[in-house]
Amino acid sequence: MTGIEHMLLREGTRAEKEGREPDFDSGVFRDEMFGDIVGGHHTTSGAMMWLAKYLTDLPQIQAKLRSVLYETLMSAKEENRLFTLEEIRRANLPYLDAVIEEMLRINAVTVTREALCDTTILGCPIKKGTQVFFVSNGPGFLSPSIPVDDSKRSSTSLEAKINATWDETQDLTIFNPERWLVRKSDGDGLLAEDVEFDGAAGPQLVFGLGRRACWGRRLAYLEMKTMIAMLVWNFQLLETPSALSSHAGLEGIARVPQQCYLRLSKL
């Protein structure tokens, strides 16, 4: 269920308890739906373009993903048909999840929050009303983290141990989905029986966190998962000319590529 559906359901329930007609035409609903449509269109389309570019540039990852899809959704493959929405929605595809997560990590944008009260972050006093920028495309994401004295961390931060297994000795600028996988068995298999997807393995702020997190997150993941699986299932993404393959991006609601050209071969 999306965030807007939750709002509609909550308003209907509240109106029934208060003995009135639900107000689905309020300014709040209009603003939220407008933001959901505009924000969701820009971000998901940009993410799909990055996914297509990475899979084009890295044919070995594209081949691994296709193999995982064919093996996991074997019934559809044997029947020579495209999988159904219900099949892809229910399928356990840790490698596909990892491909999406790695793309989001490399192309994140800065998240901002306003302090609602005086507080302290890592020993630094933050006054109420201060705009705090969480830079999610620098140290910790695309380069090793800046060392932080644990004595300056809060008790909840120390207890969380988030990203405790994240290996920053690797080149963090390289697209490597397997960073997000935990191996369950020996070998190099990438099916659900071999690996498990760990969304908390590394740093990720693209959807925000906590009460202010993007409520379209689940829908966005389902859209990306479905569309990229359909693309890889049906087509081979072929190399494109370097003049049409720049990885330069445009910053906006999300970071989107300036160029996204595809050469497809029907499978």
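Over which ring does the charged end of K266 sit? In this predicted model, the ring is that of F235, with the charged end of K266 5.8 Å from its centre.

## Charges over rings

A further case involves K77, whose charged end is placed over the ring of Y70 at 3.9 Å from the ring centre.

## Aromatic pairs

Six aromatic pairs are found in the whole structure. One of them joins Y54 and F175: the ring centres are 4.4 Å apart and the planes lie at 15 degrees, so the pair is stacked. Because Y54 belongs to helix α2 (residues 27-57) and F175 to the loop between α7 (155-160) and β5 (181-183), the pair ties together parts 121 residues apart in sequence. Y54 is buried, at a relative accessible area of 8%, and F175 is buried, also at 8%.

The rings of W166 and W180 have centres 5.1 Å apart and planes at 55 degrees, so this pair is tilted. W166 and W180 each lie in the loop between α7 and β5, 14 residues apart in sequence. W166 is buried with a relative accessible area of 11%, and W180 is buried with 0%.

## Helix α8

Helix α8 comprises 18 residues (217-234) and spans 26 Å from its first C-alpha to its last, close to the expected 26 Å. Its buried residues include Y221, M224, K225, I228 and W233.

The largest cavity holds about 50 Å³ of space. Its lining consists of K53, T56, D57, T240, L244, S245, Y261 and L262, which divide into three nonpolar, three polar and two charged residues.

Key: Residues numbered from 1 in each chain as written. Predicted model: local features only at pLDDT ≥ 70, side-chain atom pairs only at ≥ 80, totals over all residues. Heavy atoms only, no water. 1 Å grid on protein atoms, 1.4 Å probe; cavity = no way out; pocket = protein on both sides within 12 Å on 5 of 7 lines; lining within 4 Å. Points joined across faces, edges and corners; volume = space filled by probe spheres on them. Nonpolar A, V, L, I, M, F, W, Y, C, P; charged D, E, K, R; others polar. Helix = DSSP H or I, 4+ residues; strand = E, 2+ residues; numbered from the N terminus. Expected span 1.5 Å × (residues − 1). Buried < 20%, exposed > 50% of the residue type's maximum accessible area, 1.4 Å probe, protein only. Phe/Tyr/Trp six-rings, centres within 6.5 Å; stacked < 30°, edge-to-face > 60°. Lys NZ or Arg CZ within 6 Å of the ring centre and 35° of its normal.
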